[in-house]
Amino acid sequence: MTHAPGTLADAELRAQLERLPGIAYRCRVTPEWPMRWISPGCEAITGWPPEDFLSGAVHFGSLIEASHQQRVWATVQSALDEGRPFRVTYTIRDRSGGRRWLWEQGRAVDGPEGVELEGLICDVTPQEEARDALEESRRFSERVAATVPGHVLLFDLRTGG
């Protein structure tokens, strides 16, 4: 069922997008990822309001950490070439300089100037930090076990296990 612009369905969709705990977007396909539309959730994640992205004052691509920029570009290009959606995880620097891990899923759509992307970006920083902490704990346990002759028993005083 389709609705004419300006109907109740449009208002409901806008309200849902404003409550989205992430970023819904539509952007052009260039390494700067200039936004044609971006949801209000961008401010909670990046520190910049939607207007800064839409005006071109801030380009999303400039937030992506340099060590991830080429991989993000290659992942998207590969998906476009193969005609499939893409998924990619990468880090950005937010307005305050903090590092955030983002998970993004998107797809190609026809736009007024050619192919564009639309998708969803979620902040997965807590999950990535927990995974990093778990990996560091595993490495620590391996280092301890490698330096002690005989058997090593690890006991967690907090859990009793």
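**Reading a helix, a sheet and a core**

Trainee: Across which strands does helix α5 lie, and at what angle does it run to β3?

Mentor: Helix α5, residues 66–82, lies across β3, β4 and β5. Its direction makes an angle of about 160 degrees with that of β3. Please keep in mind that this is a predicted model.

Trainee: Which elements does the protein chain contain, and in what sequence do they run?

Mentor: The protein chain has 6 helices and 5 strands. Read from the N terminus, they run α-β-β-α-α-α-α-β-β-β-α.

Trainee: In what order do the strands stand in the sheet?

Mentor: The general idea comes first: strands of a sheet pair through backbone hydrogen bonds, in either a parallel or an antiparallel sense. In this structure, 5 strands form an open sheet with antiparallel pairing, in the order β2-β1-β5-β4-β3. The edge positions belong to β2 (35–38) and β3 (86–93); each has a single partner strand, so one side of each is left without a neighbour in the sheet. On average, neighbouring strands are turned by 30 degrees against each other, with direction ignored.

Trainee: How many bridges join β4 to β5, and how many join β1 to β5 and to β2?

Mentor: β4 (residues 99–111) and β5 (residues 114–123) run antiparallel and are joined by 10 bridges. Within β5, glutamate 118 stands opposite arginine 107. β1 and β5 also pair in the antiparallel sense, over 6 bridges, and here tyrosine 25 has glycine 119 in β5 as its bridge partner. Between β1 and β2, which run antiparallel, there are 3 bridges; cysteine 27 is partnered with methionine 35 in β2.

Trainee: What lies between β1 and β2?

Mentor: The two strands form a hairpin with 6 residues between them. Tryptophan 33, in the turn, has a positive phi of about 50 degrees.

Trainee: Which residues have the most contacts inside the largest nonpolar core?

Mentor: That core has 24 residues, and those with the most contacts inside it are Ile23, Tyr25, Trp33, Phe53, Phe60 and Tyr90. At least two core residues come from each of β1 (23–28), β2, α2 (42–46), α4 (60–63), α5, β3 and β5. The largest share, 4 residues, is supplied by β3. Consider phenylalanine 60: setting aside residues up to four places away in sequence, it touches Ile23, Glu32, Trp33, Met35, Thr46, Phe53, Tyr90, Leu102 and Ile121.

Trainee: What share of the residues is buried, and what is the accessible surface of the chain?

Mentor: Of the 161 residues in the protein chain, 29% are buried. The accessible surface comes to about 10,300 Å², and carbon and sulfur atoms account for 55% of this area.

Trainee: Is serine 39 buried or exposed, and where is its place?

Mentor: Serine 39 is in the loop between β2 and α2. Residues count as buried under 20% relative accessible area; serine 39 has 0% relative accessibility and therefore counts as buried. Apart from neighbours within four places in sequence, serine 39 is in contact with Leu17, Gly22, Ile23, Ala24 and Pro50.

Key:
Residues are numbered from 1 along each chain as its sequence is written. This is a predicted model: local features need pLDDT of at least 70, side-chain atom pairs count only at pLDDT 80 or more; totals for chains, interfaces and linings use all residues. Side-chain values use heavy atoms; hydrogens and water are left out. Two strands pair if DSSP finds at least two bridges between them. Axes are lines fitted to C-alpha atoms, for helices over the stretch in contact, and angles run from 0 to 180 degrees between N-to-C directions. Contact means heavy atoms within 4.5 Å. Buried means under 20% relative accessible area, exposed over 50%, partly exposed in between (1.4 Å probe, protein chains only). Accessible areas come from the Shrake-Rupley method with a 1.4 Å probe; for residues, only the protein chains shown count as cover. A nonpolar core is a set of buried Ala, Val, Leu, Ile, Met, Phe, Trp, Tyr and Cys residues joined through side-chain atoms within 4.5 Å.
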